[in-house]
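Me: I have a structure to go through. Can we take it bit by bit?
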Amino acid sequence: MTPAAAPAALAPRQDLRTANLLIGLAVALTLFIVVVPLAYIFWRALSEGFAVFAQNIMAPDTLHAIWLTTVVAVITLPINLVIGISAAWLIARFTFPGRKLLLTIIELPFSISPIIAGVCYLLLYGRQGLLGPALAAGDIKILFALPGIVLVTLFVTSPFVAREVLPLMQAQGSEQEQAALTLGASGWQVFRRVTLPNIRWALLYGAVLATARAVGEFGAVSVVSGAIRGQTNTLPLQIELLFNDLNIVGAFAAASTLTLIALVVLVLKTVIEGRTR
Amino acid sequence: MTLAISHLARRFGATQVLRGIDLQVRQGELIALLGPSGSGKTTLLRIIAGLDWPDAGALSFDGSDWLAKSAAERRIGFVFQHYALFPHMTVRDNIAFGLSVLPRADRPGKAQIAATVDRLLAFLQIGGLADRYPAELSGGQRQRVALGRAMAIEPRVLLLDEPFGALDAQVRRDLRRWLRGVHDSTGTTTVFVTHDQEEAFELADRVVVMNGGVIEQIGKPDEIYDHPATPFVARFLGLTVELPVTMRAGRAHAAGLDLTVLPRRAIPDGPATLFLRPADILPVPDPEAPFRVTEMATTGALLRIVAEDDTGCRIESEVPRRDGRDLRQGQPVGLRAVAGQIFPGSGQQPAQPIHTPKTLKEARP
């Protein structure tokens, strides 16, 4: 505070006014774009009392949607971790033909609209799709069922872990791992005792981001899930459904649950960011 | 004879980094690999460690083929230039790492590992640091911990890559003596890489001078210092004054130079090149001589004198300040060589001595 005080006192008064104006503008924008809508969700959800709110949450279809969303998140997380670490490790530690290409492919889901991912899966696994007849013959159901939802969620969330871990691995280099090797450690020991502890915060951060996205994904899932109530409706889809049914309190109740999950993730992310610095 | 290296070659892409290295390291020896960056010394060290593999050649230890073994199987201690300590482990856990990853059957008990670590900590004089993390240590302390971690597995060979490269001058000198002491009391065969000749000469039993992927000279520090085997080694060791001379009956001659002190050499008559250290040239007042003093500058203890003749040949010398009392700017002087090295042929350009490099990094722009 004190070191900044001297130059600020010397600065022309007008600069101070401009600064205040800009800060005020930023606060106002944040309030109207982010804070007020979020607060409004909770206000509307609870507007008819907590009993009605609880009743809406406990509605079987909504409860199932929460359950399904959780299942999808729990299945995709470990797969994302394994894919992310492997990809980051491969790119950071080895040079091979196609390394740049792999890097691009990993980032591809970021630049493709999720709905296109959904459509791709529909064209590939759908009844009229490329693999449709073969799957039908084997009585394997991918679309409009859990496997389809998990697959598109994986597609959409796959870049997060690698994106967080890769820069760290590249910055740290492989000297510590080589040191562990010369000290007699096996490949698994090197990974568990040297590599993993070094990337643990980045890994957790990537996992949190991927999970937040998995829980909130709408576009891609809406194409492949079929939105069957009480069966293949995830929480975001359930919210849209309730909203279209003009069940406003129900929609807001479900939305507040999803928002709560997102806020918990956000707090986690902030805590982790604090640890990494 | 413990470590035998023969015809070792290694290429990275289009660059031939090692071109046929032959070297034998005896049990208990302390060897320095000395050379400028890009001379291949670190690559050689990494191949000995099992962190890199040659394209051709052989590497064996006590008769067993090391190229067929992994780094872990060779049981070497490797100290990295930037230490590569594990940042999430305490000093104690860093040093214990090599013992704690042993297969269960060979692994000492917890108490035994702790005792070994304690003994090492005391031996390396870092007992008070056991529970600190690497981030809380100074460079010199990290270096000691890195060495302790490598020594905990009782390595057959200790390999150090630029062990003092990242430290300041005072710590460097202290650690150098300390490392020599550690080596003398453990007797572990040790190879270290450096670009600092002072470091190599003070520390090593034998010095291996490398340049461009080949070994230029192997010898005891004094041998190399007094008798550089090639023009590269001569320049590298500070013989930066290069003069064209004429050989007659094993003696070198050049106008204005008194070379009588130099021993006879078995070099055929004809043109040759004389390499001198600026400190081995003494300007002597002589009205007949072709050189004149054109610059005089004191560095405190030393007087730096530049002498030039009519052809523009500049020769720099360094004498203790007292010895230069009689010299004046513009005075005609003869130059007496106290020591020097002669190589046949006159391929070298005439003297361009501007400064005396202390390290190879300075010598090579």
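Me: In which sense do strand β9 and β10 of chain B pair, and over how many bridges?
Reply: Strand β9 (residues 206-211) of chain B pairs with β10(B) in the antiparallel sense, over 5 bridges. Strands are DSSP runs of E with at least two residues, helices are runs of H or I with at least four, and both are numbered from the N terminus. Two strands pair if DSSP finds at least two bridges between them.

Me: What is the source of the coordinates and numbering?
Reply: This is a predicted model, where local features need pLDDT of at least 70, side-chain atom pairs count only at pLDDT 80 or more, and totals for chains, interfaces and linings use all residues. Residues are numbered from 1 along each chain as its sequence is written, with chains lettered from A and ligands numbered from 1 in the order in which they are written.

Me: Back to the strands. Which residue stands opposite V208(B)?
Reply: I218(B), in β10(B).

Me: What is the strand order in the open sheet of chain B?
Reply: β6-β7-β8-β3-β9-β10, 6 strands with mixed pairing. β6 (76-79) and β10 (214-219) of chain B each have a single partner strand, so one side of each has no neighbour in the sheet.

Me: Other topic. Where are the domain bounds in chain B?
Reply: Domain 1 covers 3-226 and domain 2 covers 242-348; the bounds come from an automatic or database domain assignment. Their centres, taken over C-alpha atoms, are 42 Å apart.

Me: How many helices and strands does chain B have?
Reply: Chain B has 10 helices and 20 strands.
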